[in-house]
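Subject: Structure handover

Hi,

Here is the structure I promised to pass on. Please open it and keep it beside you while you read my notes below.

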Amino acid sequence: MSSSASAERHGVVPSYLLARLAESGRFPRAAAAARQTLTSGRPPFRARIDLSIDENGDLVAQLSDAPNRTISDAGNTQQLPGAVVRNEDDPPVADTSVNEAFDGLGATFELLLSAFGRNSLNDAGAPLDATVHYGVDYDNAFWDGERMVFGDGDGEVFRGFTGSITVIGHELAHGVIQHTANLEYQGQPGALNESIADVLGALTEQFLLDQTADAATWLIGAEIFTDAVEGKALRSMLEPGTAYDDDELGKDPQPAHMSDFVQTTEDNGGVHINSGIPNRAFALFARDLGGNAWERAGTVWYRALTGGLSSTATFTEFADATVAAASALDSAHGSDPAGRAKTADAARRAWRAVGVYEDERVPSTR
C-alpha cells in the first residue's frame, strides 16, 4: 500500500456513530472532538531464544519468531509517525498509552504466531509500528496501511483507545487482511473485512486471557466508552445490535440476520453495520464447537481468509470458503472420539442461523 497519507483508513469507530455524536448537546467536548475526527486528514526479522529443560535435565535452546515493535508519540498533532518513545528492547515507560500499545501489539503477534503459525502481519516478520496521542481529543484508532494510530478520546464519550486489546487486535488484523485476501473496503467484501478484523480482535483478547468461547464476552471495544454512555461496547459479536442504546449516540444499528441487511451508501456501503452478520456467525460457530475459539473455529476462518479468497468475496462466497476449510480440517483429524460437533456441520449451522445459507440450499445434517 502507498504512504499513510493516501492509504484507506480503517477506523474502529464507524463514521455514522461519530456523525451522530457530532450533533450532541449533552457532550459538547465530545461533539467538537467528533467533528474534528470526521474532518481530519487521512493520515527486519527478529528472533528470540526459548529456553527449556528436557527429560534428561539438559538445557535446550530454540529460536522462535519475535515481534519488532516501535511506539511513537504524535504529541497531540496529526503528524505521523511522531517521535519514537519505545522500541522492542526498551523497558516500560511512564506513559500508560505507550505501554498499552506496546503490550497490545505483542498480544496480537502472539495470537497470530501461536494459533496460526503466522509471523507478524505479512508472515515474514513485518515490524509492528504504532503512534499514540494522535490529534487533540481524537475519537478513533485506525490502521493506515503502515501503522496503528491511536487517539486519546474526548474524555466525555470515548476513553483512550490503547486500553482495549480487542481494538488493537482489530486494527492490526486489517494489516493481515491487506497482506492476504485484501478484501475491498465496500459493501459485502468491506463488511467481511471489518468482521474478520473483529474476529481476530476478539481472539487476541481470548488468547491473552485464556478464555473459552463460552466464557468470552464477544464484545469489541468494551473499554472505550466512558461511564456516561448507555452501552457496554462498540459492537457485540454474539448479539449484534445490542452493544449500546444511548440518547445521544442512538441504538447500535448492526443486524444479526440477512433478513435485516442494511442497504446504504453511507459507511462504504455499511461495512461497519452489516459486519454484524458474519460476526454472529463466527461467535455461534465457535460456541457450537466449544473450547478455545482460536483453535478449530479460528483456524477455519484464517484458512478461508488465506486460501485464495477473492478480494470481492460476498458473504456466501466466504461462507463456502469456511465450510471447505472446515471439511478439510475434519478430514485431517478423522472422527472425533469425544463426540464433538463436526467442524463443517457446525459452520453450516452458523451460516444458516444468520440467513447467509438457506435451509433448502444447505440441508441440515442433524
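The axes of α9 and α10 cross at roughly 160° and come within 7 Å. Helices here are DSSP runs of H or I with at least four residues, strands are runs of E with at least two, and both are numbered from the N terminus. Axes are lines fitted to C-alpha atoms, for helices over the stretch in contact, and angles run from 0 to 180 degrees between N-to-C directions. The angle therefore makes α9 roughly antiparallel to α10. The cut-offs are these: under 35 degrees is roughly parallel, over 145 roughly antiparallel, 65 to 115 roughly perpendicular, and the rest oblique.

Which residues meet there? On the α9 side they are Phe318, Ala319, Thr322, Val323, Ala326, Ser327, Leu329 and Asp330. On the α10 side they are Thr343, Ala344, Ala347, Arg348 and Trp351. Contact means heavy atoms within 4.5 Å. By class, the contact of α9 with α10 holds eight nonpolar, three polar and two charged residues. Nonpolar covers Ala, Val, Leu, Ile, Met, Phe, Trp, Tyr, Cys and Pro; charged covers Asp, Glu, Lys and Arg; the others, Gly among them, are polar.

Two notes before you go on. This is a predicted model, where local features need pLDDT of at least 70 and side-chain atom pairs count only at pLDDT 80 or more, while totals for chains, interfaces and linings use all residues. Residues are numbered from 1 along each chain as its sequence is written, and side-chain values use heavy atoms, with hydrogens and water left out.

**The whole chain**

The protein chain has 10 helices and 12 strands. Of its 366 residues, 55% are buried. Buried means under 20% relative accessible area, exposed over 50%, and partly exposed in between (1.4 Å probe, protein chains only).

**Helix α8 and what follows**

Nine of the 11 residues of α8 are buried, so the helix is mostly covered. Among them are Trp301, Tyr302 and Leu305. The buried residues of α8 pack against α3, α4, α5 (187-209), α7 (276-289), α9 and α10 (343-353).

How does α8 pack on α9? The angle is about 120°, and the axes are 8 Å apart. That makes α8 oblique to α9. The contact includes Arg296, Trp301 and Arg303 of α8, and Phe318, Ala325 and Leu329 of α9. Its residues divide into nine nonpolar, two polar and two charged.

Take Arg303 in helix α8. Is Arg303 buried or partly exposed? Arg303 is partly exposed, because its relative accessible area is 42%. Leaving aside neighbours within four places in sequence, Arg303 is in contact with Ala325 and Leu329. Ala326 is 23 residues from Arg303 in sequence and 8.9 Å from it in space, C-alpha to C-alpha.

Gly308 lies in the loop between α8 (296-306) and α9 (315-333). Its phi is positive, near 95°. Gly308 is exposed, because its relative accessible area is 71%. Gly308 and Ala181 are 127 residues apart in sequence, but 6.9 Å apart in space, C-alpha to C-alpha.

**Helices α3 and α4**

Helix α3 (residues 96-116) and helix α4 (residues 165-178) pack at about 55°, with axes 9 Å apart. They are therefore oblique to each other. The contact includes Leu105 and Leu112 of α3, and Ile168 and Leu172 of α4. It has eight nonpolar, three polar and one charged residues.

Ser72 lies in strand β4 (residues 69-73). Ser72 counts as buried because its relative accessibility is 2%. Beyond its neighbours within four places in sequence, Ser72 contacts residues including Pro81, Ala130 and Arg147. Pro81 is in the loop between β4 and β5 (83-87). The peptide bond from Leu80 to Pro81 is cis, with omega near 10°.

**Two positive phi values**

Asn182 is in the loop between α4 and α5. Its phi is near 50°, a positive value in a residue other than glycine. Asn182 is partly exposed, at 43% relative accessible area.

Asp210 is in the loop between α5 and β9 (219-220). Its phi is near 55°, again positive in a residue other than glycine. Asp210 is exposed, at 57%.

Best wishes
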